[in-house]
Amino acid sequence: MLAPEVKVLLEYMRTQPSVALADLTPEMMRAQTLPLSENSEAVLKVVNTLIPLPAKDNEAGSKDPIGVRLYYPASSADVIGALPALIFFHGGGFVGCDLDTHDGMCRTLCNASGAVVVSVDYRLAPEARFPAAPEDAYRALLWLSQEAETLGVDAAAISVCGDSAGGNLAALLCLLSRDRQGPAIQKQILLYPVTSPHCDTDSHHKFAEGYFLTREQMQWFWQHYLGDTANALSPYVDLLAADLANLPPAVIVTAEYDPLCDEGKLYADRLAAEGNHVDYQSVAGQIHGFCSFADFIPKGREVLVGLFGA
């Protein structure tokens, strides 16, 4: 049964003007996306900076620096020494959202975890299709590891987190770092993650419409992200078909009324089958994105804080 506050939120959403998906452009979608939390928590400090390009990229002029926003927890004012870090990737179907839309979530994660949250402004599709976002994620990990001392971070205590499409990037970053022998990742925290481009699980059909995220929207997102369908064959696209051995411990959260619920559970099962430690929970009565709607859905904040045992 849908939680009462979720019902109210869905009813409100249905009263809002909308554009048919066939007519929607990425630019229109981004213009309609507003910051998702108005009652955000205070943290010790917030630092906006850029990840500079390697020399070869500067010479080629093929990329821009990556924007990042660092959140230092309120509890760290009296801490002596380096803090753990949590690299965060926002959702938005690889097409929308940004550092501002997920500012509230990052603040909550920061204080709950006691870690420095590093939110990454990765490139969006369709202007920058796969593998641009995963490569930005990997560059962020390398940068954080290399600059850890300057940033007040413990390079041996870096975890990753993301919601929805950001959950895909967090999971994928664990594969990339394993395969490229990159920096060690302590833990992966995946909130209702996108794990497969096929959109054909039972939950995709059962909750195809009427529960905020739709199956048709997910197909639209994947089309913009992948472009050439040949990209769908990459082992770094369909995580359910990837080699999942020797990965960091995972915490995976799904929502009962989410088209992505089944693919999140399937990913948790596949990780466990490969011998990885997995802590999985499906949150009853909730929809996709509920952790972003903490102003309306108290369960969202409760789950975020509960990730760290607080």
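Why is strand β7 (residues 250-257) largely enclosed by the rest of the structure? Select β7: seven of its eight residues are buried, so the strand is largely enclosed. Buried denotes under 20% relative accessible area, with a 1.4 Å probe and protein chains only. Strands (E, at least two residues) and helices (H or I, at least four) are DSSP runs numbered from the N terminus.

The model is predicted: local features need pLDDT of at least 70, side-chain atom pairs count only at pLDDT 80 or more, and totals for chains, interfaces and linings use all residues. Residues are numbered from 1 along each chain as its sequence is written, and side-chain values use heavy atoms, with hydrogens and water left out.

Ile189 stands opposite Val251, and Leu191 has Val253 as its bridge partner.

Then select strand β8 (residues 278-287), joined to β7 by seven bridges in the parallel sense. Here Thr254 is partnered by Ser282.

Now display the whole open sheet: eight strands in the order β1-β2-β4-β3-β5-β6-β7-β8, with mixed pairing. Its edge strands are β1 (45-51) and β8, each pairing on one side only.

Finally, select helix α7 (residues 165-179), which packs on the sheet and touches β3, β5 and β6; contact means heavy atoms within 4.5 Å. The direction of α7 makes about 140° with that of β5, where axes are lines fitted to C-alpha atoms, for helices over the stretch in contact, and angles run from 0 to 180 degrees between N-to-C directions.

Note on methods. Buried < 20%, exposed > 50% of the residue type's maximum accessible area, 1.4 Å probe, protein only. Pairing = 2+ DSSP bridges.
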